[in-house]
Amino acid sequence: MEIRYKPIGIIRTPFKVPKGVPIQPSAARGVRGEVIVFPEYTEGLKDLDGFSHIILIYHFHLAKPGSLLVKPYMHDEYHGVFATRAPSRPNPIGISVVRLLRIEGNVLHVEDVDIVDGTPLLDIKPYVPEFDVRKVERIGWLEKNVHKLPYIRDDGRFSGG
């Protein structure tokens with residue numbers, strides 16, 4: 001079965017290439033960008049300005065085809081792709097929780113952006129802590145590596161550059 005999605009907009013950021021991009025929004029604090037929603041979807045933004053944070057769902061358009069075993073940014077060992085957030089995956093879909101600063105027409109001004117400029121936007125959802133935050137007991141191999149997050153940047157391994 002084939003599933004096709006059509007972008008609803010484009011994400012604009014200061015990052016022109018994958019190399020050097022923070023690998024999670026929490027490592028991109030203060031980085032600003034714009035989400036330009038195509039005009040035909042503007043009506044769908046009604047009431048979104050009532051949320052301080054939103055979830056951007058997007059297509060990793062620059063990711064090279066992936067393997068089921070990957071060496072993630074924060075570890076020197078291979079892990080199953082589904083135990084990582086690597087952009088090269090069977091369906092190269094990314095998610096980022098960003099701060100919504102304001103909306104001007106069809107342009108969302110956002111902050112804490114860890115996304116490459118020109119990335120196709122697939123969807124937007126409001127971030128609601130009561131829905132989205134869970135108490136977790138374990139975080140797998142990241143337990144010993146999550147402290148590296150502020151220092152790790154995309155090194156091009158999943159995009160070829």
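Visitor: Which elements each supply at least two residues of the lining of the largest pocket?

Guide: In this predicted model, E3 and E6 each supply at least two residues of that lining. The names follow DSSP runs numbered from the N terminus, where a strand (E) has at least two residues and a helix (H or I) at least four. The largest share, 5 residues, comes from E6. The model is predicted, so local features need pLDDT of at least 70 and side-chain atom pairs count only at pLDDT 80 or more, whereas totals for chains, interfaces and linings use all residues. Residues are numbered from 1 along each chain as its sequence is written, and side-chain values use heavy atoms, with hydrogens and water left out.

Visitor: What makes a residue part of the lining of a pocket?

Guide: A lining residue has an atom within 4 Å of a pocket point; on a 1 Å grid over the protein atoms alone, a pocket is an open set of points with protein on both sides within 12 Å along at least five of seven lines, while in a cavity a 1.4 Å probe fits but cannot get out. For the largest pocket, 47 residues form the lining, and Ile-23, Gln-24, Pro-25, Arg-85 and Ile-95 lie nearest its centre. Its volume is about 1,500 Å³, volume being the space filled by probe spheres set on grid points joined across faces, edges and corners.

Visitor: How does the lining of the largest pocket divide by class?

Guide: There are 29 nonpolar, 10 polar and 8 charged residues. Ala, Val, Leu, Ile, Met, Phe, Trp, Tyr, Cys and Pro count as nonpolar, Asp, Glu, Lys and Arg as charged, and the others, Gly among them, as polar. The second largest pocket, of about 190 Å³, has 5 nonpolar, 2 polar and 1 charged residues in its lining, including His-59, Asn-91 and Pro-92.

Visitor: Why is Thr-119 called buried?

Guide: Its relative accessible area is 3%, so Thr-119 is buried; the term means under 20%, with exposed over 50% and partly exposed in between (1.4 Å probe, protein chains only). Thr-119 lies in strand E8. Not counting residues up to four places away in sequence, Thr-119 touches Gly-9, Ile-10, Ile-11, Tyr-58, His-59 and His-61, contact being heavy atoms within 4.5 Å.

Visitor: Why does His-53 count as buried?

Guide: His-53 has a relative accessible area of 19%, and is therefore buried. This residue is found in strand E3. The C-alpha atoms of His-53 and Leu-100 are separated by 5.2 Å, although the two are 47 residues apart along the chain.

Visitor: What makes a set of residues a nonpolar core?

Guide: Its members are buried Ala, Val, Leu, Ile, Met, Phe, Trp, Tyr and Cys residues joined through side-chain atoms within 4.5 Å. The largest core has 22 residues; among those touching the most other members are Val-35, Ile-54 and Leu-121. E3 gives the most to this core, with 3 residues. A second, separate core of 8 residues includes Val-70, Tyr-73, Ala-86 and Phe-158.
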